[in-house]
Every structure is written in structure tokens, then in C-alpha cells.
Amino acid sequence: MKLLLDFLPIIIFFIVYKTTNDIILATAILIPATLLQMLYTWIRTHKIEKMQLVTLALVVILGGATVIFQDKTFIQWKPTVVNWLFGLTFLGSQFIGSKTIIERLMGSNLSLPHFAWRTLNIAWVVFFLAMGALNLFVAYSFSEETWVNFKLFGMLGLTVIFIIAQGVYLSRHIDNTESNDSNN
């Protein structure tokens, strides 16, 4: 349910674009849809994650610039800016504090060796940076419609593939951790 709620503004953006073929209108609707999503999340949980706040700020700023200046470039840059900010944040966590961001997010649910957390964190850094670059490649190399399709289906599909690969990586280290624990 949370995943659906997280993707709801993007789905609304996609539906509006597909029915109107107007990226400016779709962006104008994306902004309040994202605000309503955050309001609903706040009412339901009394908590909004920092990543959600960053995304909201960029939707409002870059989406607003798209609508005000009637220029799709701003909204097309949003996924890149979000991904690169996340990538840089994950990278910075390698050097600040005793735990990486991925360990802080998942550490209460998993027990992994220190090197595995660091490797997983770097994998997320590479993923975020690559997704940002790929978004720009698609935005500047293909049609607007192709970019809209990629934003929903391509980015979502690549994220699912990456998460599955992450699961395979984790399963190798979880088994090692559990077998080491049982041998002691």
C-alpha cells in the first residue's frame, strides 16, 4: 500500500499526460497531488521521511518553474536532481558516522558484516548516479512521450531489478552471517 501511495503522484502525472498530451498541465496537477500525498501521509503516520520532503521540495520548485516558464526541461531534470542528491547523500554516509545510510535504514532488520553494508551502500550510490544520468539521456535523446513512459515504467522497472539484485546480494551475506552464528 505504501508503494502505491508513493507512486500515486507519478501515476496521476502519467494519466494526465496520456489523456491530454500536455506535460505542463500534467506537471501543474503533479504539484498538488504530491502535496496531498504528503498531507495524507502526515495525517496517517504523523511522520514524513526526509527523502519524501526532498522530493516534495523539488516537485514544487522544478514543477513550479516548469509551469511558470512553460518549459518542460525543469520537470525533466527533477528525477536526475533527486537521484543525484540521494547518491551524494549515500556516498557522504560512507565517511560520516559509524554506519552508512543503508545500514541505518535496514540495520534493525538485518545483520550483515561491515563490508557488506559498505558495499551495499556503494551499490546504491552507483544506482542513484546512473539513474540520474540515464534520465538525462532519455530526456535529451528521445521524444517527450518516451521520457514520460520511461519516467514511470523504465525507472520503476530498473528500480525493481536493482532491488531484486540487492536481495540476491543480501541473501549471500545473510546465510554467511547465520551459519557463522550457528557455528559459534
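Reader: Among contacts between residues at least 6 apart in sequence, what share joins residues at least 24 apart?
Author: In this predicted model, it's 65%, with contact meaning heavy atoms within 4.5 Å. Residues are numbered from 1 along each chain as its sequence is written, and side-chain values use heavy atoms, with hydrogens and water left out. Local features need pLDDT of at least 70 and side-chain atom pairs count only at pLDDT 80 or more, while totals for chains, interfaces and linings use all residues.

Reader: OK, how many helices and strands are there?
Author: Seven helices and zero strands; these are DSSP runs numbered from the N terminus, H or I of at least four residues for helices and E of at least two for strands.

Reader: What about α2, how far does it reach?
Author: Helix α2 (residues 23-45) reaches 32 Å from its first C-alpha to its last, close to the 33 Å expected, which is 1.5 Å times one less than its number of residues.

Reader: And which α2 residues are buried?
Author: Among them are Ile23, Ile24, Leu30, Ile31 and Met38. Buried is under 20% relative accessible area, exposed over 50%, partly exposed in between (1.4 Å probe, protein chains only).

Reader: What happens just after α2?
Author: His46 takes a positive phi of about 55° there.

Reader: Switching topic, is Phe95 buried or exposed?
Author: Exposed, because its relative accessibility is 66%. Phe95 lies in the loop between α4 and α5 (101-106).
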